[in-house]
Amino acid sequence: MKTKRDLLKNSLIGATLAATLPLSTGVQAADTNAKDFYSAPSGTQLGVLYLPNTQASQYDSETGTFKDAELNVQAVAYRHIWFTDICGTLCTPQVILSGARVKAKLPGATQSMSDSGLGDAQIGGTLFLLNNPEQREYSGLLSLLTVPIGDYDGHAADVSAGANRWGAIFLLNYTRGVSDKWTLEGSLEAQLYGNNDDYYGQTLSQDPLYRLQAFASYDFTPSTYGALRLYHAQGGELEVGGTRIDNSRQEYTQVGFEVGHWLDGRNQVMFTYADNVDSENTFDSSQFMLRFAHVY
């Protein structure tokens with residue numbers, strides 16, 4: 001029988017896909033990148049491949065730092081996006097599929113756990129509220145529904161690729177070019193979670209997690225840009241079997257950079273690196289990711 005300490009659920013669903021992504025089991029799809037809200041003509045399609053890797057060698061809690069805790073998430077996610085006027089204004093229906101290998105040693109544990117498999121699918125899209133390409137001014141509401149079809153093991157819930165619960169993400173973005181080369185972006189995000197009714201034989205509930213995402217990007221050439229990014233998150237307190245888990249409300253600040261380059265008119269490659277500079281009740285993690293995008 002796991003103790004409350006063992007039941008510290010470290011939202012691995014947010015560590016990747018981020019993906020996941022995203023992306024993300026770690027792949028958070030709501031982990032946006034610079035210029036994600038630039039528009040394209042109706043009829044355009046994008047295929048985007050994410051290859052994120054998240055690592056941590058300690059867990060920071062209100063009660064102290066667990067230097068024996070470890071996390072490694074290797075993930076892959078594919079996102080397909082359609083630009084269309086079917087919504088009465090520009091919108092982007094999309095679907096995200098992912099997979100991950102998760103290895104973790106949780107705070108206070110004597111040994112690590114690992115698992116791999118397919119992650120939960122995400123479906124949704126962005127509804128553009130502003131679309132002024134000439135001024136590089138955009139605003140959109142991204143809504144994603146997480147569908148619990150991923151691989152899940154209730155006896156290894158903390159490292160399963162799937163989460164065994166429904167979820168929803170809402171992210172409101174505003175993007176504006178402030179000079180010929182600089183672009184500023186800001187997003188407010190809410191992640192909502194359904195219940196997991198098989199978390200080591202109990203029911204796991206989680207409060208919403210709220211995040212701020214901000215970018216400042218600079219165009220070195222018409223085909224190459226660099227960007228600085230800032231994430232700040234708080235919330236996500238846990239309840240297991242009807243009992244609130246002490247010291248489970250997360251708060252972290254992450255800074256990073258990314259560089260993107262168009263290889264030609266249809267193919268882009270991007271690299272990003274980010275690191276938590278302040279963490280509370282979560283892994284003190286860093287992430288690097290390669291992203292490939294193809295325009296159809």
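## Salt bridges

The structure holds eight salt bridges, each counted when a side-chain nitrogen of Lys or Arg sits within 4 Å of a carboxyl oxygen of Asp or Glu. Keep in mind that this is a predicted model: local features need pLDDT of at least 70, side-chain atom pairs count only at pLDDT 80 or more, and totals for chains, interfaces and linings use all residues. Residues are numbered from 1 along each chain as its sequence is written, and side-chain values use heavy atoms, with hydrogens and water left out.

One of the bridges brings the side chains of Arg291 and Asp36 together at 3.2 Å, N to O. Strands here are DSSP runs (E, at least two residues), numbered from the N terminus. Arg291 is buried at 7% relative accessible area, while Asp36 is partly exposed at 30%; buried means under 20%, exposed over 50%, and partly exposed in between (1.4 Å probe, protein chains only).

Then there's Glu189 with Arg211, whose closest N and O atoms are 2.7 Å apart. Glu189 belongs to strand S11 (residues 182-193) and Arg211 to strand S14, 22 residues apart. Glu189 is buried, with a relative accessible area of 4%, and Arg211 is buried, also listed at 4%.

## Around strand S20

S20 (residues 282-295) runs antiparallel to strand S3 (residues 45-61), with 13 bridges joining them; two strands count as paired if DSSP finds at least two bridges between them. Within this pairing, Leu51 has Leu290 in S20 as its bridge partner.

Strand S19 (residues 267-280) is also antiparallel to S20, through nine bridges, and Tyr273 stands opposite Phe288 in S20. S19 and S20 make a hairpin with one residue between them, and Asn281 in the turn has a positive phi of about 60 degrees.

## The largest pocket

About 770 Å³ of space lies in the largest pocket. On a 1 Å grid over the protein atoms alone, a pocket is an open set of points where a 1.4 Å probe fits, with protein on both sides within 12 Å along at least five of seven lines; the volume is the space filled by probe spheres set on the points.

The lining has 35 residues, with Lys35, Asp36, Tyr38, Leu46 and Trp262 nearest the centre; lining residues have an atom within 4 Å of a point. S3 and S20 are among the strands that each supply at least two lining residues.

Definitions and conventions: Helix = DSSP H or I, 4+ residues; strand = E, 2+ residues; numbered from the N terminus.
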